[in-house]
Amino acid sequence: MAKNTVVQKILAKHMVSGEAVVGAPVAIKIDQTLTQDATGTMAYLELEAMGVKKVATELSVSYVDHNMMQNGPENRNDHLYLQSVAASRGVVFSRPGNGICHQVHLERFGIPGKTLLGSDSHTPTGGGIGMMAIGAGGLDVALAMGGQPFRLSYPKVIGIKLTGKLRPFVAAKDIILKVLSILTTKGNVGCVAEYFGEGVASLTVPQRATVTNMGAELGVTCSVFPSDEMTKKFLEAQGRGADWCELKADDDAEYDRVIEIDLNTLEPKAACPSSPDNIKTIAELEGLKVGQVIIGSCTNSSYRDLSVVAAMLKGKRVHPDVTLAIAPGSRQVLEMLARSGALADIIASGARILECGCGPCIGQGQSPANGTVTFRTFNRNFPGRTGTKGDEAYLVSPETAAAAALTGMATDPQKLGMDYPDFQEPEQFLADDSMMIQPPENGEGVEIIRKPTIGQPPLNNPLPEALDGVVVIKTQDKTSTDDIMPAGIHLKHRSNIPEYAKVVFERFTEPGKPSFAQRAAAIRDAGKHGVIVGRDSYGQGSSREHAAICPMYLGVKAVIAMAIERIHAANLINFGIIPFTFANPADYDKIDPADAIRIADLHGAVKAGEGVAVLEKADGSTVEIPVKTKLTDEDKAIILAGGRLNLK
């Protein structure tokens, strides 16, 4: 008898190798891909380096939504390259201003039951429409565009059973914040989250997409909702009813773990500084002075979200001590707000209207003042991500954000004394794809535009026989890819690796002391190898493969940590860096920065999946540290070659 979950059904139709056994390596066919400009430039350079002339997917889309600020020529140079390489390789190009990749893809391209691989960690947004949508590094996405399957471990399925119905002013954001309070941001590698239960039927696709989007913060491979009548209504309203199919778990489906959440009992919540799983209720924060509010990002910028906010703001004024900024998720959302009159209500309240893009979520503008609490409807609040050191960023729902904008403090929106806005999902969305540039049937004659700031993906050397290393840095728990490779003002250097590598681990540079880049380069130039030591959940957060490329460029050959997150571990392997974990976690405490570290038979350690690292301390004493690594045969071949681009 069938006992399959939604995820297992999608996997069954897409597996090209491997066995449906939890933890076993499998490879799946990818139907669609998406890239965004901050990661996409390198992905398409890698696609070119592989000699791919035309993508082999059903659909690939290149979005411009991250590097929108044009202070200097770099970002626009990238956009021109992306538009021309998309035309040459059979990729749809979404122009700047068309919107955030996840919001637009949900609106215009998402199809239940399909697989989607994106070079952005929030690609799982597509799970809100019943896709198996996975974030990955740019090289893995380039490989998928070239027709190669995506490799992953067959996942455990965490079933999240929803019962009841959200009360007024309690939002979908509060669902995922509740889940984060239970599962946290670590320990969920190799799992997917699947939502089921009678409570699902009351949630619209935009609400579901909020939950699956921020599921990325759990560290799961992806999150998925069933495709049901609510999904059908959304697709029909988008003029894409033919794309709908029913997709649900079998009645007797078996989950590896079940978490039950009664939607009736949820309260407005916030993720407090500086981690998405540092959860408190708004009641606990009541009265906290708020100086900035930003509503938008790929998590909460739908027509539904912003229409509710507009209704809450209508006829009122933003508190004089608060700056409120609003970024619609797509041009569709912005134009529909304008036509409905909701945009006028937002503007009249004193809000500032931002471009349809990622912007402040990645530190591109709207950084808060020092010592200012900022309420944001975003998905991440890692230290310094706003662009302000020592920031105090809280992640909240649009309803809670609007309440703070009006009162100047953390306020439970249920206590505003207003009726919840009577919003109904539209029967028809504005479907205008004129800012989507379709590629020509034959792109061989298209000239690819390469301005001076467009570089090339650097190549690594084959793995040395022995690791003759030095510990360049030792980090704590939850080191994020934002910590490794800062975004914000540095994003414009994504296609220039020598320049971008200068800011690796910039947040940890002490005044007057050499930076990580300077220390690593000195070790490299002395003929030795850099080693990074991390603790638990190393590499969480963004899919940015530059967090592997730039350390590789600086001579790093290995990372040793208690646990390494899925996407980052895959990126390390793709660029020839060994993702080691401690055989004995307590050994972390035995290592100091600048220790010499040697693995005599490095090839043997890779092939066997284990080895012994010998530390040489400053006093000349030595300590043996057993390490291990879980690699497939293909992973081993990639690392031994020095990276995926070295394999022919």
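## Salt bridges and a buried threonine

Aspartate 477 is partly exposed, its relative accessibility being 30%; partly exposed denotes values between buried (under 20% relative accessible area) and exposed (over 50%), with a 1.4 Å probe and protein chains only. The model is predicted: local features need pLDDT of at least 70, side-chain atom pairs count only at pLDDT 80 or more, and totals for chains, interfaces and linings use all residues. Residues are numbered from 1 along each chain as its sequence is written, and side-chain values use heavy atoms, with hydrogens and water left out.

The whole structure holds 34 salt bridges, each defined as a side-chain nitrogen of Lys or Arg within 4 Å of a carboxyl oxygen of Asp or Glu. Three of them are tabulated here.

| Pair | N to O distance |
|---|---|
| Arginine 167 and glutamate 267 | 3.0 Å |
| Lysine 186 and aspartate 477 | 3.9 Å |
| Lysine 186 and aspartate 536 | 3.5 Å |

Helices (H or I, at least four residues) and strands (E, at least two) are DSSP runs, numbered from the N terminus. Lysine 186 is partly exposed at 29%, as is aspartate 536 at 21%.

Threonine 231, in helix α8 (residues 229-237), counts as buried because its relative accessibility is 0%. Beyond neighbours within four places in sequence, its contacts (heavy atoms within 4.5 Å) include Pro112, Ile129 and Trp244.
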